[in-house]
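Please keep the sequence and the 3D view side by side while reading.

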Amino acid sequence: YKPNNPGNKIKLDANESIYKMPEAVKRDIISWLENEENLHIYPDTDSTILREALADFWNNGGLPLAPENIICGVGSDQIIDYITKALLDCGDRILTIEPTFSMYSLAAALNHGQIARLETPASSGFYCEPDVIIEAAHANRAKILFICTPNNPTGHDVKPEDIIKITGSVDAMVVVDEAYAEFSGATMLGAFDRFDNLIIMRTFSKAWGLAGLRVGYAVARPEIIRALEIVKAPFNLSTFTQLAAVSALRHADIYKDRVRELKQLREQLLNGLSSAAGITVYNSTANFVFAESHRDLAAELARHGILVRGFGSRKTEASGGEIFSVRISVGTKEQNEEIIRILKETGGL
């Protein structure tokens, strides 16, 4: 997995937050550094205080989580690695619903697994019927089924009732990646204890704006968490990282306001791109927008110093040419306006 070089005027390729750390969180950190700093010793290997803070946060939201339902990792990527490492024997298969986050397949391959891919067409808005997913999981004898909702890179979400149907109908461990769930408002966390084959992943990298600190976590029944702890690296989250995440949870109202604002900015970007010539824009419930065009939109924006995530091109028989796919992270109002202006001008409007 090779991320882009960030040396551009505007960087909107990695679905990062447009907001810096709130002043309230900075003050918490400064106070800790001045009065309690203990960076000369190893961090708590179990992230106890963070897991307790997460349980309290979700308890206040009406969900009965306990610390033993939670495991923390260095971003969602490390959680994905734990899951594939703990559950896959050599040659076992995972099932992914494509297009989706490439780290599922990479982690499976690195842990001696095989990958079965269920392709979904753009014509359906990338939606796949639950029965089709269930059939594919059985046909491939999948050990793990990854469902990303809202999906990266397409931005569409999978309804909780569809996931419940799938989870109750397959033999695979169903891993629901909710990295962008704060932007959609839908979650499977209310059902985590209903199934012995359900893991829900969350991250502080997107809505919480802590991508530079790398904090992820997974929620599941205690017996599943204990299985993942067997392969967890010791001291994986730094003391500083745990402190920042706990402080962010303490100031959750700030982040909720930011999510509301970012959703308005998402609509600005969606509407603006939809009005540009030759661009098909897909509805998004995340903090990014997925679009396709006969034009290489990523290259057009790169020439103007704007970095977005291009996914190359594919041949289409219907149109007799190439279709380029691109994912654009939602930017500030000014950044969104700049993108829309450039694409309209290069498109001949």
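**Backbone, helix packing and cavities**

Phe126 is found in the loop between strand E4 (114-119) and H5, where helices (H or I, at least four residues) and strands (E, at least two) are DSSP runs, numbered from the N terminus. The model is a predicted one, in which local features need pLDDT of at least 70 and side-chain atom pairs count only at pLDDT 80 or more, while totals for chains, interfaces and linings use all residues. Residues are numbered from 1 along each chain as its sequence is written, and side-chain values use heavy atoms, with hydrogens and water left out.

Most residues other than glycine have a negative phi, and most peptide bonds are trans. Phe126, although not a glycine, has a positive phi of about 70°. Two prolines follow cis peptide bonds: Glu98 is joined to Pro99 with an omega of about -5°, and Thr149 is joined to Pro150 with an omega of about -10°. Pro99 sits in the loop between strand E3 (93-98) and helix H4 (103-110), whereas Pro150 is placed in the loop between E5 and H6.

Two packed helices are described by the angle between their axes and the distance between the axes. Here the axes are lines fitted to C-alpha atoms, for helices over the stretch in contact, and angles run from 0 to 180 degrees between N-to-C directions. Helix H9 (residues 239-250) and helix H1 (residues 23-35) have axes that come within 9 Å and cross at roughly 140°. That angle makes H1 oblique to H9, because angles under 35 degrees count as roughly parallel, over 145 as roughly antiparallel, 65 to 115 as roughly perpendicular and the rest as oblique. The crossing of H1 and H9 is right-handed; a crossing is left-handed if the near helix is turned anticlockwise from the far one by less than a right angle, and right-handed if clockwise. On the H1 side the contact (heavy atoms within 4.5 Å) is made by Val25, Asp28, Ile29 and Trp32, and on the H9 side by residues including Phe240, Leu243 and Ala244. By class, this contact of H1 with H9 has seven nonpolar, two polar and two charged residues, where Ala, Val, Leu, Ile, Met, Phe, Trp, Tyr, Cys and Pro count as nonpolar, Asp, Glu, Lys and Arg as charged, and the others, Gly among them, as polar.

H9 also packs with helix H2 (residues 48-60), at an angle of about 15° and with the axes 9 Å apart, which makes H2 roughly parallel to H9. H2 passes H9 in a left-handed crossing. Thr48, Ile49, Leu50, Ala53, Leu54 and Phe57 of H2 make this contact with Gln242, Ala245, Val246 and Leu249 of H9, and the contact of H2 with H9 has eight nonpolar, two polar and no charged residues.

Another pair is formed by helix H10 (residues 252-274) and helix H12 (residues 333-346), which pack at an angle of about 5° with their axes 10 Å apart. H10 is therefore roughly parallel to H12. The residues in contact include Leu265, Leu269 and Leu273 of H10 and Ile339, Ile340 and Leu343 of H12, and the contact of H10 with H12 has six nonpolar, three polar and three charged residues.

Rolling a probe the size of a water molecule over the atoms shows where empty space is left. On a 1 Å grid over the protein atoms alone, a cavity is a set of points where a 1.4 Å probe fits but cannot get out, and lining residues have an atom within 4 Å of a point. Grid points are joined across faces, edges and corners, and a volume is the space filled by probe spheres set on the points. The count comes to five cavities of 30 Å³ or more.

The largest cavity holds about 140 Å³ of space. Of its 15 lining residues, Ile97, Ile147, Cys148, His156 and Val158 lie nearest its centre. Helix H5 (130-139), strand E5 (142-148) and helix H6 (160-167) each supply at least two residues of this lining, and E5 gives the largest share, three residues. The lining of the largest cavity has 11 nonpolar, three polar and one charged residues.

The second largest cavity holds about 70 Å³ of space. Its lining divides into three nonpolar, three polar and four charged residues, and strand E2 (residues 70-73) gives the most, with three residues.

How values were computed: 1 Å grid on protein atoms, 1.4 Å probe; cavity = no way out; pocket = protein on both sides within 12 Å on 5 of 7 lines; lining within 4 Å.
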